[in-house]
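The following questions and answers concern one two-chain model. Please keep its sequence and coordinates in view while reading.

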Amino acid sequence: MLHGSVIIFTSFAYLGLLFAIAYYADKRADAGRPVIANPYIYSLSMAVYATAWTFYGSVGRAASDGIGFLPIYIGPTLMIALWWVVMRKILRISKQNRITSLADFIASRYGKSALLGGLVTVIAVIGILPYISLQLKAISTSYFILVQYPAIVMPDEIGVAPIRQDTALWVALILAAFTIAFGTRHLDAAEHHQGMVAAIAFESMVKLLAFLAVGIFVTFGMYDGLDDLFSRASLVPKLQAMMTPLEGVAGSYAEWVWLTVLSMMAIMFLPRQFQVTVVENLDEKHLAKAIWVFPAYMLAINIFVLPIAFGGLLRFPDGSVDADTFVLTLPMAEKQELLALLVFIGGLSAATGMVIVETIALSTMVCNDLVMPVLLRMRRLRLNERPDLTRLLLAIRRGAIVLILLLGYLYFKLAGEAYALVAIGLISFAAVAQFAPVVLGGIFWKGGTRSGALCGLLAGFTVWLYTLLLPALARSGWLPIGLLENGPFGIELLKPLQLFGLSGLDQITHAMIWSMLANLGGYIAVSLADSPTADEHRQASVFVDVFRQTGETGGARFWRGTASAPDLYNLLARFMGSASADSAFREYAAARGHRWPETSLNADAELVHQVEVQLAGAIGSASARVMVASVVKEEALNIDEVREILDEASQVVVYSHRLEQKSRELEAATTGLRAANERLQELDRMKDDFVATVTHELRTPLTSIRAFTQILHDDPEMEMEQRERFLAIIAKESERLTRLINQVLDVSRIESGREEWQATSVDMKEVISDTVTAMSQVFQEQKIEVQVSTPEKVGEVLADVDRIIQVMLNLLSNAAKFCEAGTGRIEIVLHDLSDHLRIDVRDNGPGIAASDQLVIFDKFRQAGNPLTDKPHGSGLGLHISRTIVEHFGGRLWVESRRGCGACFSFTLPTRAIP
Amino acid sequence: MSDFEYRGQRFVAICMLGVLLFNYPLLALFNVRGAIFGVPLLYAYIFSAWAILIALMAWLAESHTLESR
């Protein structure tokens, strides 16, 4: 049996379990081994987005219009796709500036404006009240229905509204106590509540499991799967229309689009989403996981919404049961006590999760951006002189939590009965959507100013009050209903639900159109008309250019003045306690290689900035600025000085780019130099080789000349015949020596570039016949047959005729050298190949091995083994020939096989005939 | 351009794809009678398009290891 006592006991046991989890996570965090430093826990904590609205309200909405609940989850999915661009930036900015709430973020962006922070806080608190009341309503309603088990009775039927409201009051008070225990046990400099995050992640698991359990029970327990469920539903005429709900039941596409846009904003700017996504984030890298895990969670928790809605409509066809309660009443109707209890706990976890995180986030805002700035400005309180303010800060936050929950309860009492769950929640969504222009504009557009933000927010919020909150109060009977029907003072044009005569839209679309128009218009127009102050200009640059700054101290460069380190320390200690201040100073000193307090710290801009950032974590950026200014002597920068600093910074960026380029060029030059140096060393080595080889080559003929001369000198009696033979050898060797020296001179001239080439028209036919004639003596002596074939007419080439003759002679003498005497045969063929001539010189000598075919063109290289074979020449001839041919734009190469003769060919480009 | 900017552009493209998928006229194409595995066509379409979108985001977010810029 589900007695009230059983339900209450289970609820408290569940809350106790949550508290234990939070306690354990806090202990682990204190020990430096955080459990929540995990991307999956981070993603699950975001699922605090799914509240009682999701748990109970989605089914209610689905039962009335089919898919109207979906934009609330598809919108965030689309927005999260942009998080890579948007949220990464917000995360980085918040970490650098120790932003601890949405109000702080906006205030800090627009010149650390306390006024703006206060306005944001007021909007957030008032805007969120309906949402908190929704949770109270869900918990008290579900309790009330469950306690009637086994009967299924709607609270309204038996006139129990007053009793239920009392339940809601109790719920509010219990949750307040619980939240205080969770969120304000101590003051954390970075506003991290690791225990809370762990508990929220656990709650996300519980509500998902509970919802899936009901979904599976309805789909597969009560019906025979999705197919069965939907086909039975399609037999009912009323439900048939819901299979194609767009245009019909769900209203226009415009509503669908606006709900999507609204939810895109909500996922960014609901205070609790900002809290878990930005403030509680421990590592930017976790975002990559959350980008898909969190949307996947939303998909999972929505899969069974439609089956449950249709199941409920089929099970309770007479409409006596409120669709918002189907999740609970279906298991009850089927006598599933345990499942019903699980559902109640799931709904409880959805609602408590939201209330805890939301009130903690709001209490931080109320404390840092609303109460503290006011208190600090009241000189009479002499807050500046109090030694320890941490207790005061905690007290303010605790008070704020109780107050916010009581206000939520008050809203529930005033307006909660007139609307379904989703409609209540959407009013809050529309309120926080007002933050979108100032936040998104603030991080991408430097032109937004404080006045612009104030105007935009005020205008948008006013329209919201008028078109959404006012009608809610009027419908509940707290304001005359005539206000809605006839407009204020009977002015039709100002009717809150058809402002300026805009009709035919649902309430949310209508309100969004007007409030966004007022908000965006005010923000942009006033920002453009306004000129920013130095503070605004500085903060705009700190926010928009966050990825261009290096290090954590982007703001320090804007500070000029004098300060004392002990003053700064005392200031920090007053607000954060001396333990936190000690550790902050110690870390700061350690980062600069000092030990604190052994060495005193230099109170420079860096330290002042650091203290201000630390303090901003505890009391908000606007108050922190006021407090720091009270202990240091600051020279106010004017707008020109801020501009100058920013320009300097951008010039430094330009310089560093240039420096990088210079160093790249230098590197390239170094590489080039190194290559040149290597080449030089190679050439040096080659020169040494060359000299050694030349000397060697010169010595051979010289040795034989000297030897024969010696013989002739020593033996005057020598026979005449012998003497002549010796003299012939001496003459021949001298000739060889002369030729060698000439060739060496040629090589050195050509290689040094001192050779003077005289390019004239050369007739290759003439060159060939001349050289063959010149060599005819040799050919005859060796009995070598020579065959020349040239075409009738060939083009002229542009070259140095003497050099080309040299090439021909070299090739012919080589051929003659390698031909066997008697059987030798040399073939000379001239081809005219339109744009160039090719000359082949073919012999029938022994041929050249493939391995030698490349090296024979090198200096002093000859085919065959230099140690065993008799040398046939200097080894320079082919090298010189190739150099000459290449100089005139041709090629020289050889084709040969061992034993089949060799064919040397060269080409020369022909002159274009004019 | 850095890996972060490249990936940022792809995420923006995914968002635009989502805007197209969950909007008129594509939604209207599926707002007709019919069922896939017993699930009404429109519901089946929305949930599968949603799942594909999430899969794309997962693929893009996890495709490389992140380094801090």
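A crossing is left-handed if the near helix is turned anticlockwise from the far one by less than a right angle, and right-handed if clockwise. Residues are numbered from 1 along each chain as its sequence is written, with chains lettered from A and ligands numbered from 1 in the order in which they are written. This is a predicted model, in which local features need pLDDT of at least 70, side-chain atom pairs count only at pLDDT 80 or more, and totals for chains, interfaces and linings use all residues.

Q: What is the average pLDDT of chain A?
A: pLDDT is the predictor's confidence in each residue, from 0 to 100. In chain A, 90% of the residues score at least 70. The average for chain A is 83.

Q: Which residues of chain A have a pLDDT that stays under 50?
A: Where pLDDT is low, the predicted coordinates should not be read in detail. Two residues are in contact if their C-beta atoms, placed from the backbone, lie within 7 Å. The stretch in question has 1 contact beyond four places in sequence. It comprises residues 866-870 of chain A.

Q: How many helices and strands does chain A have?
A: Helices (H or I, at least four residues) and strands (E, at least two) are DSSP runs, numbered from the N terminus. On that basis chain A has 33 helices and 9 strands.
In chain A, of the contacts with a separation of 6 or more, residues 24 or more positions apart account for 81%.

Q: Which residues of α16(A) are buried?
A: A residue is buried if 20 or more other C-beta atoms lie within 10 Å of its own, exposed if 12 or fewer, and partly exposed in between, with C-beta atoms placed from the backbone. Helix α16 (residues 326-333) of chain A is mostly covered, with 7 of its 8 residues buried. The cover includes α3 (52-65), α7 (114-147), α9 (194-222), α15 (305-315) and α17 (337-377) of chain A. The buried residues are Phe326(A), Val327(A), Leu328(A), Thr329(A), Leu330(A), Pro331(A) and Met332(A).

Q: Is Lys335(A) buried or exposed?
A: Lys335(A) lies in the loop between α16 and α17 of chain A. Its phi is near 60°, a positive value in a residue other than glycine. Because Lys335(A) has 10 C-beta neighbours inside 10 Å, it counts as exposed.

Q: Where does Lys783(A) lie?
A: Phi of Lys783(A) is near 55°, a positive value in a residue other than glycine. With 12 C-beta neighbours inside 10 Å, Lys783(A) counts as exposed. Lys783(A) is found in the loop between α31 (764-782) and β4 (785-789) of chain A.

Q: What separation do the C-alpha atoms of Tyr56(A) and Ala138(A) have?
A: Tyr56(A) belongs to helix α3 of chain A. Tyr56(A) is buried, since 31 other C-beta atoms are within 10 Å. Tyr56(A) and Ala138(A) are 82 residues apart along the chain, yet their C-alpha atoms are separated by 7.6 Å.

Q: At what angle do α25(A) and α26(A) pack?
A: Axes are lines fitted to C-alpha atoms, for helices over the stretch in contact, and angles run from 0 to 180 degrees between N-to-C directions. Helix α25 (residues 565-576) and helix α26 (residues 578-591) of chain A have axes 7 Å apart and pack at an angle of about 135°. That makes α25(A) oblique to α26(A), given that angles under 35 degrees count as roughly parallel, over 145 as roughly antiparallel, 65 to 115 as roughly perpendicular and the rest as oblique.

Q: Which residues of α28(A) make the contact with α25(A)?
A: Helix α28 (residues 621-631) of chain A packs against α25(A) at about 145°, with the axes 9 Å apart. α25(A) passes α28(A) in a right-handed crossing. From α25(A), the contact uses Asp567(A), Leu568(A) and Leu571(A). From α28(A), it uses Met627(A), Val628(A) and Val631(A).

Q: Which element supplies the largest share of the side of chain B that touches chain A?
A: 34 residues of chain B are in contact with 29 residues of chain A. α1 (3-21), α2 (26-30), β2 (39-40) and α3 (41-62) of chain B each supply at least two residues of the side that touches chain A. The largest share, 11 residues, comes from α3(B).
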